[in-house]
Amino acid sequence: MDWSNPHCLLQFDVKNESGQVVHWIAETQNPAKMVNAGWRKVSFKPGDEVTITLVPARNGQPFGQINLVVLPNGETLDAKTESATKASAGSSGGSKSENYPKQ
């Protein structure tokens with residue numbers, strides 16, 4: 001978990017249909033908004049098996065915007081709660097997948 005401005009980034013590995021491991025990067029809002037939504041810098045530990053629901057990048061790259069995470073203990077972290085998204089509703093700009101290196 002990269003806990004920094006302007007957006008927090010979660011990096012994780014997923015096995016695709018053919019069994020190959022694909023490295024993903026997914027973003028949330030800024031740390032202050034995520035804390036208000038119940039997220040913590042220590043919510044994730046390397047090796048945790050989590051379930052992530054996200055909106056993938058349109059270009060097919062392994063990048064997306066997180067909607068929801070289910071932690072190993074069953075706790076859910078919502079990245080789209082009102083407290084996490086309210087302040088960003090009127091913002092412009094943001095991260096674009098083409099700003100990240102292609103794999």
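Student: Contact means heavy atoms within 4.5 Å. Which residues does Pro 72 touch, not counting those up to four places away in sequence?

Tutor: Asp 48, Glu 49 and Val 50. Bear in mind that this is a predicted model: local features need pLDDT of at least 70, side-chain atom pairs count only at 80 or more, and totals for chains, interfaces and linings use all residues. Residues are numbered from 1 along each chain as its sequence is written, and side-chain values use heavy atoms, with hydrogens and water left out.

Student: Where does Pro 72 sit?

Tutor: In the loop that links β4 (63-70) to β5 (76-78). Its C-alpha is 9.5 Å from that of Phe 44, 28 residues away along the chain.

Student: Why does Pro 72 count as exposed?

Tutor: Because its relative accessibility is 52%. The cut-offs, with a 1.4 Å probe and protein chains only, are under 20% for buried and over 50% for exposed, with partly exposed in between.

Student: And Arg 40, where is that?

Tutor: In the loop between α1 (31-36) and β3 (51-56). Arg 40 is partly exposed, because its relative accessibility is 41%. Leaving out residues up to four places away, Arg 40 touches Trp 3 and Val 35. From its C-alpha to that of Met 1 is 9.9 Å, across 39 residues of chain.

Student: Zoom out. What order do the elements come in?

Tutor: β-β-α-β-β-β-α from the N terminus. That makes two helices and five strands. These are DSSP runs numbered from the N terminus: helices are H or I, at least four residues; strands are E, at least two.

Student: How much of the protein is buried?

Tutor: 33% of the 103 residues. As for contacts with a separation of 6 or more, 49% join residues 24 or more positions apart.

Student: What about Glu 27, buried or exposed?

Tutor: Buried, and without a salt bridge. Glu 27 lies in strand β2. Lys 80 is the nearest side chain of opposite charge, at 7.8 Å. A salt bridge needs a side-chain nitrogen of Lys or Arg within 4 Å of a carboxyl oxygen of Asp or Glu. Lys and Arg count as positive, Asp and Glu as negative; His and the chain ends are not counted.

Student: Which element has the lowest mean pLDDT?

Tutor: Helix α2 (residues 82-85), at 51; strand β2 (residues 21-27) has the highest, 96. Over residues 85-103 the pLDDT is below 50, yet that stretch has 19 contacts beyond near neighbours in sequence. Where pLDDT is low, the coordinates should not be read in detail.

Student: What's the average pLDDT?

Tutor: 83, with 78% of the residues scoring at least 70. The score is the predictor's confidence in each residue, from 0 to 100.
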